[in-house]
Amino acid sequence: MTSKTDVNFDTGSNTKSENLSVQVTSIRLNKDNYLFWSAALEIGITSRDRLPYITREKPAPSKTDPGWATWALEDSQVKVWIISSVSADIQPLILRKLTSYDMWTVLAKMYGRKKRVLRTYQIKHNIYSLKHGDLSVASFYAALKTKWEELDYHVNDDWHCGSDHELYWQKEWMDRTFIFLGGLRDEFESIRSQILNCDETPGIEEVYARVESEEQRRHVMHIDYSH
């Protein structure tokens, strides 16, 4: 059985006679990291002023149009970036697509919402399993934020009532505040109790700031005691 190998490109020069890198992100799509891959690739493509090609804001002109050659060249550059940013086993699935938009949309369909219920369960399970442990407060909070962002992507439901949507997110962020506080080490029980006993629980960003300040205070006190 033959092994899959990466497709390699030599992009040459673009219409402005400047060399373009074959890659715009170091993250490679591997079937399980679509959210992070797509965000990174979109940033890379945007930084090179080619985002309209994958959003279809710049569709293909007629082949008789004077701008066809330029469009085809620039769209091919985007195709190269996409192909070069996916794993070798995914490349054959998109290699023959006619446009970069076609590549982008087929990858979104295959991996963006794939197994939505299962992935939502996995993310929520990981969130509830996360604990402060040996992490710094900043690292623990960042780990939770990363999971929450991924969860929001997979459960991006349509809302017909704006007020219900707002109430939902108020409750959701309250729950996330409790998850953050509940996952902290026991040494933060004092600041946790102070926050929970407030007449009105602060927003999660303020809660994080207060806990992180407490960690810094403890760190400074520890240094002072060691001298």
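Me: Is Thr177 buried or exposed?
Reply: This is a predicted model, and in it Thr177 has a relative accessibility of 1%. Thr177 therefore counts as buried, since the cut-off is under 20%.

Me: Where is Thr177 found?
Reply: Thr177 belongs to helix 8, which covers residues 162–182.

Me: And which residues does Thr177 touch, not counting those up to four places away in sequence?
Reply: Thr177 touches Thr201, Ile204 and Val207. Thr177 and Thr201 are 24 residues apart in sequence, and their C-alpha atoms are 8.9 Å apart in space.

Me: What does the side chain of Thr177 reach?
Reply: The side chain of Thr177 reaches the backbone oxygen of Trp173, at 2.8 Å.

Me: Now Ser84, please. Where is Ser84 found, and what does its side chain reach?
Reply: Ser84 lies in helix 3, residues 68–84. Its side chain reaches the backbone oxygen of Val80 at 2.9 Å.

Me: Is Ser84 buried or exposed?
Reply: The relative accessible area of Ser84 is 4%, so Ser84 is buried.

Me: Let us step back. How many helices and strands are there in the protein?
Reply: The protein has ten helices and zero strands.

Me: How much of the protein counts as buried?
Reply: The protein has 227 residues, and 33% of them count as buried. Its accessible surface is about 14,100 Å², with 52% of that belonging to carbon and sulfur atoms.

Me: Back to helix 3. At what angle do helix 3 and helix 5 pack?
Reply: The angle is about 30 degrees, and the axes are 8 Å apart. Helix 3 and helix 5 are therefore roughly parallel, because angles under 35 degrees count as such. Helix 3 contributes Asp75, Val78, Lys79, Ile82 and Ile83 to the contact, while helix 5 contributes Ser100, Met103, Trp104 and Leu107.

Me: What about helix 1: which of its residues are buried?
Reply: The buried residues of helix 1 are Tyr34, Leu35, Trp37, Ser38, Ala40, Leu41, Gly44 and Ile45. They pack against helix 2 (51–55), helix 3, helix 5 (100–112) and helix 7 (137–154).

Me: What span should helix 1 have, and how far apart are its end C-alpha atoms?
Reply: Helix 1 runs over residues 34–47, which is 14 residues. At 1.5 Å a residue it should span 20 Å, and its end C-alpha atoms are 20 Å apart, so the two values agree.

Me: Lastly, which residue takes a positive phi just after helix 1?
Reply: That residue is Asp49, with a phi of about 60 degrees.

How values were computed
Residues numbered from 1 in each chain as written. Predicted model: local features only at pLDDT ≥ 70, side-chain atom pairs only at ≥ 80, totals over all residues. Heavy atoms only, no water. Helix = DSSP H or I, 4+ residues; strand = E, 2+ residues; numbered from the N terminus. Buried < 20%, exposed > 50% of the residue type's maximum accessible area, 1.4 Å probe, protein only. Polar contact = N/O pair within 3.5 Å; in protein donor to acceptor, adjacent residues only side chain to side chain. Areas by Shrake-Rupley, 256 points an atom, 1.4 Å probe, with all protein chains shown as cover. Expected span 1.5 Å × (residues − 1). Contact = heavy atoms within 4.5 Å. Axes fitted to C-alpha atoms, helices over the stretch in contact; angles between N-to-C directions. Parallel < 35°, antiparallel > 145°, perpendicular 65-115°, else oblique.
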